[in-house]
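This report goes through one structure part by part, from helix packing to sheets and annotated spans. Keep the sequence and the model open while reading.

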Amino acid sequence: MTGNGTTFVQQISSDFVNSLETFSVRKNFVPGAVLFLDGERADQLFLISSGQIKLTKNTNDGKELTLQVFGAGELVGVSGLFEQELTYTSTGTMLMEGEIWIIPRQGLEKMLIKNGQFCVDFLRWMGLMNRRMQSKFRDLLLNGKIGALYSTLIRMSNTYGKPHPEGILIDLSLTNRDLAQFIGLTRESVNRMLSDLKKQDTIDLLPQGFILIKDLAYLKEAIFCDDCPPDICQM
């Protein structure tokens, strides 16, 4: 239960994980299984042991946006703590088959109350997640369509990237429609921009929906990247 980037499990202690395991329920889910719906009461959290979970949200005009894709070691479904009427702010669906730990929110709250160090670790992780989200929204709002795509590719390289002889392989199978949903653009716009990047030899589009970034420096220079720490510049 590790994953790329700075995951929840990498941020907390093994004692924290062991304590969670004592009141969690392990279940296996197939791709397409819905774990929670936007607006539902948020009584459970989901720790990914294996597989992937996609978070989505529908806009008022019916467009589905992909907010994040989480892998092993990540905690999903955190809408807050110590409040009576919390609801999920997105829909969580299994993208890749795997094992999930289902954690009762009240059980987590009781554990944090009893152990001050666990509480500090959890708050530190929540602060990191908030900084990631603020940085992501800043890029999407300030950099326009091209900047939104470039910053998303940069973040994907930090989150899902693996070393490749010609650059960085984004180890996440994506259709152009999937990528468009990450940044709120049309599939046609994304098609054009990816084609332009391929012609410039900045990226390569591999079989089965994988993207190889061959010139990461170009993407960063094009949007005047602030060069945030990798643990912040994540999906």
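Axes here are lines fitted to C-alpha atoms, for helices over the stretch in contact, and angles run from 0 to 180 degrees between N-to-C directions. Helices (H or I, at least four residues) and strands (E, at least two) are DSSP runs, numbered from the N terminus. The model is predicted: local features need pLDDT of at least 70, side-chain atom pairs count only at pLDDT 80 or more, and totals for chains, interfaces and linings use all residues. Residues are numbered from 1 along each chain as its sequence is written, and side-chain values use heavy atoms, with hydrogens and water left out.

**Helix packing**

Two packed helices are described by the angle between their axes and the distance between the axes.

| Helix pair | Angle | Axes |
|---|---|---|
| α2 (residues 14–22) and α4 (residues 116–142) | about 100 degrees | 10 Å apart |
| α4 and α5 (residues 144–160) | about 150 degrees | 7 Å apart |
| α5 and α6 (residues 176–183) | roughly 105 degrees | within 10 Å |

Helix α2 packs against α4 at about 100 degrees. That makes α2 roughly perpendicular to α4. For such labels, angles under 35 degrees count as roughly parallel, over 145 as roughly antiparallel, 65 to 115 as roughly perpendicular and the rest as oblique. Contact means heavy atoms within 4.5 Å. On the α2 side the contact involves Asp15, Phe16 and Ser19, and on the α4 side Phe118, Asp121 and Phe122. By class, this contact of α2 with α4 has 3 nonpolar, 1 polar and 2 charged residues. In this sorting, Ala, Val, Leu, Ile, Met, Phe, Trp, Tyr, Cys and Pro count as nonpolar, Asp, Glu, Lys and Arg as charged, and the others, Gly among them, as polar.

Helices α4 and α5 pack at about 150 degrees, and they are therefore roughly antiparallel to each other. Helix α4 contributes Arg132, Ser135, Lys136, Asp139, Leu140 and Leu142 to the contact, while α5 contributes Gly144, Ala148, Ser151, Thr152 and Arg155. The classes in the contact of α4 with α5 are 3 nonpolar, 4 polar and 4 charged.

The axes of α5 and α6 cross at roughly 105 degrees, and the two helices are therefore roughly perpendicular to each other. Ala148, Leu149, Thr152 and Met156 of α5 meet Leu179, Phe182 and Ile183 of α6. This contact of α5 with α6 has 6 nonpolar residues, 1 polar and no charged.

**Aromatic pairs**

How many aromatic pairs does the structure hold? There are 8. Rings of Phe, Tyr and Trp (its six-membered ring) pair if their centres lie within 6.5 Å; planes under 30 degrees apart count as stacked, over 60 as edge-to-face and the rest as tilted. One of the pairs joins phenylalanine 16 and phenylalanine 118: the ring centres are 4.9 Å apart and the planes stand at 35 degrees, so the pair is tilted. Phenylalanine 16 lies in α2 and phenylalanine 118 in α4, so the pair ties together parts that are 102 residues apart in sequence.

**Two sheets**

Strands of a sheet pair through backbone hydrogen bonds, either parallel or antiparallel. Here two strands pair if DSSP finds at least two bridges between them.

Strand β2 pairs with β7 (residues 91–96) over 2 bridges, and valine 34 stands opposite threonine 93 in β7.

Another open sheet of 4 strands has the order β9-β10-β12-β11 and is also antiparallel. Its edge strands are β9 (161–164) and β11 (203–205); each has a single partner strand, so one side of each is left without a neighbour in the sheet. Neighbouring strands of this sheet are turned by 25 degrees against each other on average, direction ignored. Strands β9 and β10 (residues 167–170) run antiparallel and are joined by 4 bridges. Histidine 164 has glycine 167 in β10 as its bridge partner.

**A loop glycine**

Glycine 71 is found in the loop between β5 and β6 (75–76). Glycine 71 touches Ile48, Gly51 and Gln52, not counting residues up to four places away in sequence.

**Annotated spans**

UniProt lists "domain: Cyclic nucleotide-binding" (unreviewed entry) for residues 8–112. This span is 20% helix and 40% strand, and its end C-alpha atoms lie 15 Å apart. The UniProt annotation "domain: HTH crp-type" (unreviewed entry) covers residues 143–217. That span is 53% helix and 19% strand, with its end C-alpha atoms 17 Å apart. UniProt positions are given in the numbering used here, feature names are shortened, and annotations may be inferred rather than shown by experiment.
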